[in-house]
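Thank you all for coming.

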Amino acid sequence: MRSRSAVIAGVVGVVVVALIVLFVSAGSESDPLAVDTNRIVGRQAPALESVDTEGRPFSLTDYRGRWLLVNFFATWCTPCVAEHPQLVAFERAHAVAGDASVVSVAWNQSADVVKQFFAERGGDWAVIADEESDFAIEFAVVGLPESYLIDPDGTVVHKFTGGVTQQEIEAEMARKR
Amino acid sequence: MSSRARAVGWAVGMALVVALVAVGARQAPTEGRSDDRLYALAGQMKCLQCAGESVAGSQADIAVKMRAEIRSQMDRGRTDAEILDFFAERYGERVLLNPSGDGVASLVWVIPVVGAGLAAAGLATVFAASARRRRDAAHLGVSEEDRRLVDELLSREP
(Lines give C-alpha, C1' and ligand atoms only; values in the text may rest on other atoms or scores of the structure.)
Protein backbone atom coordinates (compact mmCIF):
# COMPACT_ATOMS: atom_id res chain seq x y z
CA MET A 1 0.00 0.00 0.00
CA ARG A 2 2.82 2.35 0.94
CA SER A 3 4.70 1.70 -2.33
CA ARG A 4 1.50 2.36 -4.30
CA SER A 5 1.10 5.76 -2.61
CA ALA A 6 4.72 6.53 -3.43
CA VAL A 7 4.14 5.70 -7.12
CA ILE A 8 1.02 7.91 -7.26
CA ALA A 9 2.85 10.77 -5.53
CA GLY A 10 5.73 10.35 -7.99
CA VAL A 11 3.45 10.46 -11.04
CA VAL A 12 1.60 13.55 -9.73
CA GLY A 13 4.94 15.22 -8.99
CA VAL A 14 6.27 14.56 -12.49
CA VAL A 15 3.07 15.91 -14.08
CA VAL A 16 3.15 19.07 -11.94
CA VAL A 17 6.83 19.70 -12.76
CA ALA A 18 6.15 19.12 -16.48
CA LEU A 19 3.28 21.61 -16.45
CA ILE A 20 5.40 24.23 -14.64
CA VAL A 21 8.20 23.78 -17.20
CA LEU A 22 5.67 24.04 -20.05
CA PHE A 23 4.13 27.28 -18.78
CA VAL A 24 7.49 28.87 -17.96
CA SER A 25 8.89 27.97 -21.40
CA ALA A 26 5.76 29.40 -23.06
CA GLY A 27 6.87 32.84 -21.79
CA SER A 28 5.18 35.54 -19.81
CA GLU A 29 2.15 37.29 -21.30
CA SER A 30 2.24 40.13 -18.80
CA ASP A 31 3.44 42.48 -21.55
CA PRO A 32 1.50 41.50 -24.66
CA LEU A 33 3.45 43.94 -26.85
CA ALA A 34 6.70 42.16 -25.94
CA VAL A 35 5.70 39.24 -28.17
CA ASP A 36 5.74 40.25 -31.82
CA THR A 37 3.47 37.99 -33.82
CA ASN A 38 3.48 40.02 -37.04
CA ARG A 39 3.60 37.89 -40.22
CA ILE A 40 3.80 40.70 -42.78
CA VAL A 41 7.58 41.10 -42.90
CA GLY A 42 9.03 39.04 -45.74
CA ARG A 43 5.82 39.14 -47.75
CA GLN A 44 4.66 41.28 -50.63
CA ALA A 45 3.09 44.49 -49.34
CA PRO A 46 -0.71 44.48 -49.60
CA ALA A 47 -1.97 46.36 -52.67
CA LEU A 48 -3.91 48.94 -50.69
CA GLU A 49 -5.79 51.81 -52.18
CA SER A 50 -7.41 54.82 -50.58
CA VAL A 51 -7.68 58.59 -50.78
CA ASP A 52 -5.14 60.81 -49.03
CA THR A 53 -5.93 63.75 -46.79
CA GLU A 54 -5.75 66.08 -49.78
CA GLY A 55 -8.42 64.05 -51.55
CA ARG A 56 -6.02 62.51 -54.08
CA PRO A 57 -6.30 58.82 -55.03
CA PHE A 58 -3.63 56.74 -53.35
CA SER A 59 -2.27 53.33 -54.29
CA LEU A 60 0.58 51.58 -52.54
CA THR A 61 1.64 49.90 -55.78
CA ASP A 62 2.41 53.34 -57.29
CA TYR A 63 5.55 53.34 -55.12
CA ARG A 64 7.11 50.29 -56.78
CA GLY A 65 10.67 50.93 -57.94
CA ARG A 66 11.71 52.89 -54.84
CA TRP A 67 12.00 52.34 -51.12
CA LEU A 68 8.93 53.20 -49.09
CA LEU A 69 8.47 53.68 -45.37
CA VAL A 70 4.86 53.23 -44.27
CA ASN A 71 4.52 54.96 -40.91
CA PHE A 72 1.53 54.35 -38.63
CA PHE A 73 1.06 57.20 -36.16
CA ALA A 74 -1.39 59.38 -34.28
CA THR A 75 -1.12 63.06 -33.45
CA TRP A 76 -1.76 62.30 -29.74
CA CYS A 77 1.02 59.70 -29.56
CA THR A 78 4.14 61.20 -27.94
CA PRO A 79 6.73 58.85 -29.52
CA CYS A 80 5.08 59.53 -32.90
CA VAL A 81 5.51 63.26 -32.44
CA ALA A 82 9.11 62.70 -31.34
CA GLU A 83 10.03 60.64 -34.41
CA HIS A 84 8.37 62.97 -36.91
CA PRO A 85 11.46 65.21 -37.51
CA GLN A 86 13.43 62.04 -38.34
CA LEU A 87 10.89 61.11 -41.00
CA VAL A 88 11.07 64.64 -42.42
CA ALA A 89 14.87 64.42 -42.56
CA PHE A 90 14.74 61.00 -44.24
CA GLU A 91 12.26 62.17 -46.85
CA ARG A 92 14.26 65.32 -47.61
CA ALA A 93 17.50 63.35 -47.95
CA HIS A 94 15.94 61.25 -50.70
CA ALA A 95 13.77 63.88 -52.36
CA VAL A 96 16.26 64.77 -55.10
CA ALA A 97 17.26 61.19 -55.95
CA GLY A 98 13.64 60.08 -55.69
CA ASP A 99 14.72 56.63 -54.50
CA ALA A 100 12.75 56.59 -51.23
CA SER A 101 9.47 57.99 -49.93
CA VAL A 102 7.37 58.07 -46.81
CA VAL A 103 3.65 57.42 -46.44
CA SER A 104 1.92 58.14 -43.15
CA VAL A 105 -1.22 56.42 -41.96
CA ALA A 106 -3.01 58.24 -39.13
CA TRP A 107 -4.70 55.90 -36.69
CA ASN A 108 -8.43 56.65 -36.34
CA GLN A 109 -8.08 60.36 -36.97
CA SER A 110 -9.85 62.80 -39.22
CA ALA A 111 -8.15 64.39 -42.22
CA ASP A 112 -8.45 67.89 -40.71
CA VAL A 113 -6.57 66.97 -37.53
CA VAL A 114 -3.83 65.25 -39.54
CA LYS A 115 -3.44 68.13 -41.99
CA GLN A 116 -3.04 70.54 -39.08
CA PHE A 117 -0.32 68.28 -37.61
CA PHE A 118 1.65 68.26 -40.88
CA ALA A 119 1.18 71.99 -41.38
CA GLU A 120 2.78 72.61 -37.99
CA ARG A 121 5.56 69.99 -38.10
CA GLY A 122 6.42 69.63 -41.78
CA GLY A 123 6.44 66.62 -44.03
CA ASP A 124 5.51 66.59 -47.68
CA TRP A 125 4.20 63.14 -48.48
CA ALA A 126 0.93 61.27 -48.82
CA VAL A 127 -1.02 60.87 -45.59
CA ILE A 128 -3.96 58.53 -45.16
CA ALA A 129 -6.50 59.20 -42.41
CA ASP A 130 -7.23 55.61 -41.41
CA GLU A 131 -10.72 56.17 -40.01
CA GLU A 132 -12.38 53.83 -42.44
CA SER A 133 -9.60 52.08 -44.33
CA ASP A 134 -8.09 48.78 -43.26
CA PHE A 135 -4.40 49.70 -43.64
CA ALA A 136 -3.57 49.02 -39.99
CA ILE A 137 -5.18 45.58 -40.00
CA GLU A 138 -3.59 44.66 -43.34
CA PHE A 139 -0.15 45.48 -41.92
CA ALA A 140 -1.05 43.75 -38.60
CA VAL A 141 -0.29 46.89 -36.60
CA VAL A 142 -0.62 46.49 -32.83
CA GLY A 143 0.71 49.69 -31.26
CA LEU A 144 1.96 53.15 -32.24
CA PRO A 145 4.22 54.17 -33.76
CA GLU A 146 5.04 51.33 -36.12
CA SER A 147 6.80 51.68 -39.48
CA TYR A 148 7.25 49.18 -42.29
CA LEU A 149 10.08 49.39 -44.80
CA ILE A 150 9.13 48.19 -48.27
CA ASP A 151 11.82 47.53 -50.86
CA PRO A 152 11.61 48.62 -54.53
CA ASP A 153 10.18 45.20 -55.45
CA GLY A 154 7.26 45.73 -53.09
CA THR A 155 8.37 43.33 -50.36
CA VAL A 156 8.01 44.35 -46.72
CA VAL A 157 11.57 43.91 -45.46
CA HIS A 158 11.52 45.34 -41.95
CA LYS A 159 9.25 46.45 -39.15
CA PHE A 160 10.25 49.30 -36.81
CA THR A 161 8.45 49.34 -33.49
CA GLY A 162 8.46 52.55 -31.49
CA GLY A 163 10.16 55.71 -32.65
CA VAL A 164 12.49 55.34 -35.62
CA THR A 165 15.45 57.50 -36.67
CA GLN A 166 16.71 58.43 -40.14
CA GLN A 167 19.93 56.56 -39.36
CA GLU A 168 18.05 53.34 -38.52
CA ILE A 169 16.05 53.50 -41.73
CA GLU A 170 19.16 54.13 -43.85
CA ALA A 171 21.00 51.30 -42.09
CA GLU A 172 18.18 48.88 -42.76
CA MET A 173 18.04 49.92 -46.42
CA ALA A 174 21.80 49.40 -46.76
CA ARG A 175 21.50 45.95 -45.14
CA LYS A 176 18.73 44.85 -47.49
CA ARG A 177 20.33 46.19 -50.70
CA MET B 1 -31.06 4.03 0.41
CA SER B 2 -31.98 1.13 -1.85
CA SER B 3 -29.87 0.28 -4.89
CA ARG B 4 -32.80 1.28 -7.12
CA ALA B 5 -33.04 4.74 -5.56
CA ARG B 6 -29.27 5.10 -5.87
CA ALA B 7 -29.43 4.19 -9.58
CA VAL B 8 -32.20 6.73 -10.16
CA GLY B 9 -30.10 9.37 -8.37
CA TRP B 10 -27.12 8.63 -10.61
CA ALA B 11 -29.30 8.74 -13.73
CA VAL B 12 -30.81 12.11 -12.75
CA GLY B 13 -27.32 13.47 -11.98
CA MET B 14 -25.94 12.33 -15.33
CA ALA B 15 -28.93 13.78 -17.18
CA LEU B 16 -28.37 17.10 -15.42
CA VAL B 17 -24.68 17.14 -16.39
CA VAL B 18 -25.48 16.32 -20.03
CA ALA B 19 -28.14 19.06 -20.11
CA LEU B 20 -25.75 21.64 -18.64
CA VAL B 21 -22.99 20.69 -21.09
CA ALA B 22 -25.47 20.94 -23.97
CA VAL B 23 -26.57 24.41 -22.84
CA GLY B 24 -22.96 25.52 -22.32
CA ALA B 25 -21.90 24.25 -25.73
CA ARG B 26 -24.74 26.03 -27.54
CA GLN B 27 -23.34 27.17 -30.86
CA ALA B 28 -23.20 30.85 -31.71
CA PRO B 29 -24.50 31.70 -35.19
CA THR B 30 -21.92 30.95 -37.88
CA GLU B 31 -23.46 33.02 -40.64
CA GLY B 32 -25.27 36.31 -41.07
CA ARG B 33 -24.45 39.76 -39.72
CA SER B 34 -25.69 39.56 -36.15
CA ASP B 35 -23.87 41.02 -33.16
CA ASP B 36 -23.95 37.52 -31.62
CA ARG B 37 -21.79 36.24 -34.45
CA LEU B 38 -19.52 39.29 -34.36
CA TYR B 39 -18.82 38.90 -30.64
CA ALA B 40 -18.51 35.12 -30.90
CA LEU B 41 -15.74 35.61 -33.49
CA ALA B 42 -14.13 38.47 -31.57
CA GLY B 43 -14.20 36.27 -28.47
CA GLN B 44 -11.97 33.79 -30.29
CA MET B 45 -9.24 36.39 -30.80
CA LYS B 46 -6.73 37.80 -28.37
CA CYS B 47 -6.39 41.56 -27.91
CA LEU B 48 -2.68 41.96 -28.69
CA GLN B 49 -2.51 45.35 -26.98
CA CYS B 50 -3.96 44.13 -23.67
CA ALA B 51 -3.14 41.46 -21.11
CA GLY B 52 -5.68 38.67 -20.76
CA GLU B 53 -8.52 40.17 -22.80
CA SER B 54 -10.21 39.04 -25.96
CA VAL B 55 -11.03 41.32 -28.87
CA ALA B 56 -14.69 41.00 -27.84
CA GLY B 57 -14.15 42.38 -24.35
CA SER B 58 -11.54 45.06 -24.95
CA GLN B 59 -11.97 48.76 -25.73
CA ALA B 60 -8.32 49.12 -26.84
CA ASP B 61 -7.91 50.85 -30.21
CA ILE B 62 -6.67 47.70 -31.91
CA ALA B 63 -9.61 45.66 -30.59
CA VAL B 64 -12.12 48.25 -31.82
CA LYS B 65 -10.43 48.22 -35.24
CA MET B 66 -10.39 44.42 -35.36
CA ARG B 67 -14.11 44.27 -34.53
CA ALA B 68 -14.77 46.74 -37.35
CA GLU B 69 -12.79 44.50 -39.71
CA ILE B 70 -14.73 41.41 -38.55
CA ARG B 71 -17.99 43.29 -39.20
CA SER B 72 -16.76 44.32 -42.65
CA GLN B 73 -15.82 40.73 -43.53
CA MET B 74 -19.17 39.41 -42.23
CA ASP B 75 -20.90 41.92 -44.50
CA ARG B 76 -18.86 40.55 -47.42
CA GLY B 77 -20.14 37.05 -46.72
CA ARG B 78 -16.92 35.53 -45.38
CA THR B 79 -17.19 32.34 -43.32
CA ASP B 80 -15.98 32.13 -39.72
CA ALA B 81 -12.96 30.09 -40.77
CA GLU B 82 -12.03 32.60 -43.47
CA ILE B 83 -12.25 35.50 -41.02
CA LEU B 84 -10.14 33.76 -38.38
CA ASP B 85 -7.59 32.74 -41.04
CA PHE B 86 -7.41 36.35 -42.27
CA PHE B 87 -6.27 37.54 -38.84
CA ALA B 88 -4.00 34.54 -38.20
CA GLU B 89 -2.25 35.13 -41.54
CA ARG B 90 -1.39 38.68 -40.54
CA TYR B 91 -1.04 38.60 -36.77
CA GLY B 92 0.12 34.98 -36.44
CA GLU B 93 -1.56 32.00 -34.78
CA ARG B 94 -1.11 33.61 -31.37
CA VAL B 95 -3.97 35.97 -32.11
CA LEU B 96 -6.33 32.99 -31.88
CA LEU B 97 -7.52 32.07 -28.40
CA ASN B 98 -8.50 28.57 -29.52
CA PRO B 99 -5.10 27.12 -30.35
CA SER B 100 -4.50 24.85 -33.30
CA GLY B 101 -3.98 21.13 -32.83
CA ASP B 102 -0.30 21.35 -33.80
CA GLY B 103 2.86 21.18 -31.71
CA VAL B 104 2.93 22.14 -28.04
CA ALA B 105 -0.44 23.92 -28.44
CA SER B 106 -2.08 20.52 -28.98
CA LEU B 107 -1.42 19.77 -25.28
CA VAL B 108 -4.25 22.18 -24.48
CA TRP B 109 -6.62 19.75 -26.15
CA VAL B 110 -4.87 16.51 -25.15
CA ILE B 111 -4.42 17.17 -21.41
CA PRO B 112 -8.15 17.56 -20.56
CA VAL B 113 -9.02 14.38 -22.52
CA VAL B 114 -6.26 12.41 -20.82
CA GLY B 115 -7.30 13.88 -17.46
CA ALA B 116 -10.94 12.93 -18.01
CA GLY B 117 -9.87 9.42 -19.06
CA LEU B 118 -7.71 9.00 -15.97
CA ALA B 119 -10.52 10.31 -13.74
CA ALA B 120 -13.01 7.86 -15.28
CA ALA B 121 -10.54 5.01 -14.85
CA GLY B 122 -9.98 6.03 -11.22
CA LEU B 123 -13.72 6.12 -10.52
CA ALA B 124 -14.19 2.72 -12.17
CA THR B 125 -11.38 1.27 -10.02
CA VAL B 126 -12.88 2.69 -6.81
CA PHE B 127 -16.39 1.43 -7.67
CA ALA B 128 -15.04 -2.01 -8.59
CA ALA B 129 -13.12 -2.25 -5.29
CA SER B 130 -16.22 -1.19 -3.37
CA ALA B 131 -18.36 -3.82 -5.12
CA ARG B 132 -15.70 -6.44 -4.42
CA ARG B 133 -15.69 -5.55 -0.74
CA ARG B 134 -19.49 -5.86 -0.61
CA ARG B 135 -19.32 -9.27 -2.29
CA ASP B 136 -16.64 -10.40 0.14
CA ALA B 137 -18.78 -9.24 3.08
CA ALA B 138 -21.71 -11.26 1.75
CA HIS B 139 -19.57 -14.37 1.89
CA LEU B 140 -18.51 -13.93 5.49
CA GLY B 141 -21.30 -16.26 6.58
CA VAL B 142 -23.38 -13.91 8.74
CA SER B 143 -26.18 -16.03 10.23
CA GLU B 144 -29.75 -15.02 11.00
CA GLU B 145 -28.84 -15.32 14.68
CA ASP B 146 -26.03 -12.74 14.19
CA ARG B 147 -28.35 -10.35 12.44
CA ARG B 148 -31.00 -10.71 15.14
CA LEU B 149 -28.35 -9.99 17.79
CA VAL B 150 -27.15 -6.84 15.98
CA ASP B 151 -30.72 -5.58 15.55
CA GLU B 152 -31.41 -6.16 19.21
CA LEU B 153 -28.28 -4.29 20.29
CA LEU B 154 -29.04 -1.38 17.99
CA SER B 155 -32.60 -1.06 19.25
CA ARG B 156 -31.56 -0.80 22.90
CA GLU B 157 -31.92 2.58 24.59
CA PRO B 158 -28.49 4.13 25.32
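Buried area, as I use the term here, is the accessible area, taken with a 1.4 Å probe, that two parts lose on being put together, summed over both. Please keep in mind that this is a predicted model. By that definition, chain A and chain B bury about 1,900 Å² between them, and 57% of this area lies on carbon and sulfur atoms. As for who takes part, chain A brings 26 residues to the contact, while chain B brings 22 residues.

What about the polar side of the contact? Between chain A and chain B there are seven residue pairs in polar contact, with both residues at pLDDT 80 or more, and the count of salt bridges between the two chains is two. One of the salt bridges joins the side chains of Arg90(B) and Glu138(A), at 3.0 Å from N to O.

Turning to the elements on the side of chain A that touches chain B, those that give two or more residues are helix H1 (2-25) and helix H4 (135-138) of chain A, and the largest share, three residues, comes from H4(A). By residue type, this side of chain A divides into 13 nonpolar, six polar and seven charged residues.

Now to chain A by itself, which has five helices and seven strands, running from the N terminus in the order α-β-β-β-α-β-α-β-α-β-β-α. Of its 177 residues, 42% count as buried, and the accessible surface of chain A comes to about 9,200 Å², with 55% of that belonging to carbon and sulfur atoms.

Note on methods
Residues are numbered from 1 along each chain as its sequence is written. Chains are lettered from A and ligands numbered from 1 in the order in which they are written. This is a predicted model: local features need pLDDT of at least 70, side-chain atom pairs count only at pLDDT 80 or more; totals for chains, interfaces and linings use all residues. Side-chain values use heavy atoms; hydrogens and water are left out. Contact means heavy atoms within 4.5 Å. A salt bridge is a side-chain nitrogen of Lys or Arg within 4 Å of a carboxyl oxygen of Asp or Glu. A polar contact is a pair of N or O atoms within 3.5 Å; within protein, one must be able to donate a hydrogen and the other to accept it, and residues adjacent in sequence count only if both atoms are side-chain atoms. Helices (H or I, at least four residues) and strands (E, at least two) are DSSP runs, numbered from the N terminus. Ala, Val, Leu, Ile, Met, Phe, Trp, Tyr, Cys and Pro count as nonpolar, Asp, Glu, Lys and Arg as charged, and the others, Gly among them, as polar. Buried means under 20% relative accessible area, exposed over 50%, partly exposed in between (1.4 Å probe, protein chains only). Accessible areas come from the Shrake-Rupley method with a 1.4 Å probe; for residues, only the protein chains shown count as cover.
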